[in-house]
Amino acid sequence: MEWSAKTSRGMVRPGNEDSWTVQSLPDGWWLAIVADGMGGNDGGEIASSLAVKYCTEYVVQNRGKESPEELLNNALGYGNRKVFEAAAGEEGFQGMGTTLTGTLVSEEEGLLYVGHVGDSRAYVASSSGIKQITDDHSITGELLRNGTITEEDAMRHPSKNILTAALGTQHSLRAAGYRVDLGKGDVVVLCTDGLTGLVSSKEIEKLLRERSRDEVAKDLVDVANDRGGYDNVTVVLLWPEVTVAQGAKKRW
């Protein structure tokens with residue numbers, strides 16, 4: 001599988017509180033994660049990096065022992081406990097937390113599994129368009145789901161940064177999970193809200209069509225920064241080598 005990633009602190013923030021990883025796993029599986037930390041001072045950076053570290057650790061250690069759905073759900077739960085414990089420790093920052101969107105991809109089976117909390121997103125772009133897989137755990141996400149506002153409204157909404165769920169802020173976590181049947185030529189997009197707050201899904205799709213694989217992650221970040229870069233922005237792109245027919249989004 002080919003992949004590409006780009007992260008930036010943006011044009012305003014003094015540091016970058018986003019974290020990400022892409023890792024090859026045994027038996028043709030891949031793991032990819034993006035996380036957007038919060039907590040002030042260094043709290044956000046610590047929270048997102050710890051979450052990515054411990055979720056990855058859980059997946060690597062338990063791969064093959066659990067179903068993909070269980071693996072991601074339990075990995076997010078494990079990461080949540082580790083971040084929560086760190087926040088309560090001497091060197092922690094009270095209230096620090098992070099969004100996290102983690103994916104497992106099987107090229108052979110043509111399947112994408114997503115574990116998710118917060119408002120970092122997963123999309124799948126195909127020949128028929130781009131589809132948002134995750135549902136934002138935020139005030140604007142709720143308004144979008146009930147049809148009160150549009151995607152464009154959400155990008156300008158004064159409450160767009162207020163989360164209704166995050167990893168590490170409470171002892172227990174109820175993460176969302178999704179399964180998607182992938183098709184040939186599909187692109188998996190993971191990104192933090194530093195991108196989606198300034199670049200629409202249609203614009204993401206357009207750049208994926210027009211730019212080369214080597215350029216498109218950087219170009220997406222550049223667009224967000226050119227429009228103000230008010231937040232850290234991270235983009236991870238995956239091009240699975242899938243030959244099976246595409247199916248539909250399913251929630252578990």
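**A strand and its neighbours**

Guide: His-116 has Ala-176 in E8 as its bridge partner. Strands here are DSSP runs of E with at least two residues, numbered from the N terminus. This is a predicted model, where local features need pLDDT of at least 70, side-chain atom pairs count only at pLDDT 80 or more, and totals for chains, interfaces and linings use all residues. Residues are numbered from 1 along each chain as its sequence is written, and side-chain values use heavy atoms, with hydrogens and water left out.

Visitor: How many bridges join E5 to E8?
Guide: There are 6, and the two strands run antiparallel. Strands pair if DSSP finds at least two bridges between them.

Visitor: What stands opposite His-116 in E4?
Guide: Thr-101 does. E4 (residues 97-106) is joined to E5 by 7 bridges, also antiparallel.

Visitor: And which residue has a positive phi in the hairpin of E4 and E5?
Guide: Gly-110, near 65 degrees; the hairpin has 4 residues between the strands.

Visitor: Is E5 mostly covered or open?
Guide: Covered: 7 of the 7 residues in E5 (residues 111-117) are buried, meaning under 20% relative accessible area (1.4 Å probe, protein chains only).

Visitor: Which residues are on each side?
Guide: Leu-111, Tyr-113, Gly-115 and Val-117 lie on one side, with Leu-112, Val-114 and His-116 on the other. In a regular strand, side chains alternate between the two faces of the sheet.

Visitor: New topic. Where is Val-12?
Guide: Val-12 is in the loop between strand E1 (2-8) and strand E2 (18-24).

Visitor: Buried or exposed?
Guide: Val-12 is exposed, at 51% relative accessible area; the cut-off for exposed is over 50%.
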